[in-house]
Amino acid sequence: MRPIRHLLAAVIAALTLAGVSAPAEQRPNILFCISDDQSWAYTGANGDPIVKTPAFDRIAAEGLRFVHSFCNAPTCGPSRSAILTGQPIWRLEEAGNIHSTLPAKFATYTEELQKAGYIVASTGKGWGPGRLGPGGRAEQPAGTPRHGRTLKPPFSGIQNIDYAGNFDDFVHELRGDQPFCFWLGAFEPHRDFEQGSGIKTGKKPASVVVPRIFPDHEIVRSDLLDYLVEIEHFDAMVARAIATLEKRGLLDNTIIVVTSDHGMPFPRAKASLYDWGTRVPLAIRWPKGIRNPGRAVESFVNLSDLAPTFLEAAGVKVPEMMTARSLMNIFANREVDPRPAAYTAMERHDGARAGGKGYPCRAIRTKDYLYIYNFEPARWPSGSPDPSVCARAIPYGEIDDSPTKTFMMENHLAHGIADLAELSFGKRPAEELYDLKTDPEQLVNVAGSAKYRESQTKMREQLFTHLAATKDPRVVGGKVHWDYYPYYGLVKTKGWSVDPKPKGLK
């Protein structure tokens, strides 16, 4: 005989398939916790020896820890758009760019839940950065903002927003059994960091595991420690939010998700399709819906899969336009269709080339390989080295300024650094293939090698078949306007603007 909670999940699933909302007392609450720029490796549960993330680790231990979890795009706005809409960024028009908009014609899971009677709210960083008005939206898609509580941040790089306090106030104001969906969005660990904050907290530079994409130097080690301080701040907020649910007796009927929008703000990470930019932590707890908790899930998932998951769990019909796949079968520990790959993409990031040109690329990640197709290999992938053509007036402007970036740029000809600097800042060929069995950090491009010809062909075909099936206009035709959509970000460079759309462009 199955436990009652699994029978309940089955009832909800049946109601979903019938297009009927489940009764209010059966519908789970949703607490979605998302950090800003946190790579997969940087949690205790995922193996980092320094960072302290007891909240994430608890959710993973009492729920599911995803081993192969990927954002849809390694850039804030597009990633968050994909999460909300349950679609890859190439289906979202302007929302495929950062500092853009999210057109109102694209359904979001928050809107669908609100229609079904959920109270939807958010705190901190929701959808963004960008402008909602041009897309026809008047409200924050993540939920009604709650900004009442502040705190004194422990270091200057950390926001003064009391995310957990705002959530506590929200829960305190709930009435009756109306279900809620709350987006707890931290701005951490987005740069800037207070330099030396990691060492000030007692962390030891000698203990840092330096990714092989960076030179092993004291500047880099200290920068990584400062990064971990901000991750710990986010985790502490999640811990307090969990405590609020426990105190109110809501914990076991709440789906808690802890993740990040994309990877770390370092060279060859954020704004790139390598693992340090796209692989993100993901843990989900839901005692009433997850069977055999404590599992490490090996299946490949994208964060866009969360939208149909939330709707199915709530007994709300999933809009046809949401092409992502619900995780409910994984929750029930009965996967029918395999998930052997994740797909990621980039268009325009931070206005780092003349005329607002992006760096369009798509990737497929499997257990054995990462394959990337770069549509415009003549362009600088990390932004132009010429700051005068960058909206933010910085060289290689797709990469946030940092001590690590500065050190690598200043020593780009030095022994032991030159090759890494070229990987981070240099141009890339149209096709990239990385053998993850021998090269897990993706340093050696084997595309074009006779040994890997068959694997390269197979990966290319698998990627383009998926892009065609999901109607990527770069593959099937249609609006390919990402280079010409308006840019609503900060422009420091006098005269910088997006080129007008060429005559004749569909």
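In strand β7 (residues 282-285), Ile 284 is the bridge partner of Leu 64. The model is predicted, with local features requiring pLDDT of at least 70 and side-chain atom pairs counted only at pLDDT 80 or more, while totals for chains, interfaces and linings use all residues. Residues are numbered from 1 along each chain as its sequence is written, and side-chain values use heavy atoms, leaving out hydrogens and water.

Strand β2 (residues 64-70) pairs with β7 in the antiparallel sense over two bridges; pairing requires that DSSP find at least two bridges between two strands. Strand β6 (residues 254-260) also runs antiparallel to β7, joined to it by four bridges. Within β7, Leu 282 is the bridge partner of Thr 259. Leu 282 and Ile 284 point one way from β7, Ala 283 and Arg 285 point the other way, and all are buried (under 20% relative accessible area, 1.4 Å probe, protein chains only). Strands are DSSP runs of E with at least two residues, helices runs of H or I with at least four, both numbered from the N terminus.

Helix α7 (residues 218-248) packs against helix α11 (residues 403-410) at an angle of about 160 degrees, with the axes 8 Å apart. Helix α7 is therefore roughly antiparallel to α11 (an angle over 145 degrees, on a scale from 0 to 180 degrees between N-to-C directions). Axes are lines fitted to C-alpha atoms over the stretch in contact. Ile 219, Val 220 and Asp 223 in α7 meet Pro 403, Thr 404 and Phe 407 in α11, contact being heavy atoms within 4.5 Å. By class, this contact has four nonpolar, one polar and one charged residues.

Conventions: Angles under 35 degrees count as roughly parallel, over 145 as roughly antiparallel, 65 to 115 as roughly perpendicular and the rest as oblique. Ala, Val, Leu, Ile, Met, Phe, Trp, Tyr, Cys and Pro count as nonpolar, Asp, Glu, Lys and Arg as charged, and the others, Gly among them, as polar. Buried means under 20% relative accessible area, exposed over 50%, partly exposed in between (1.4 Å probe, protein chains only).
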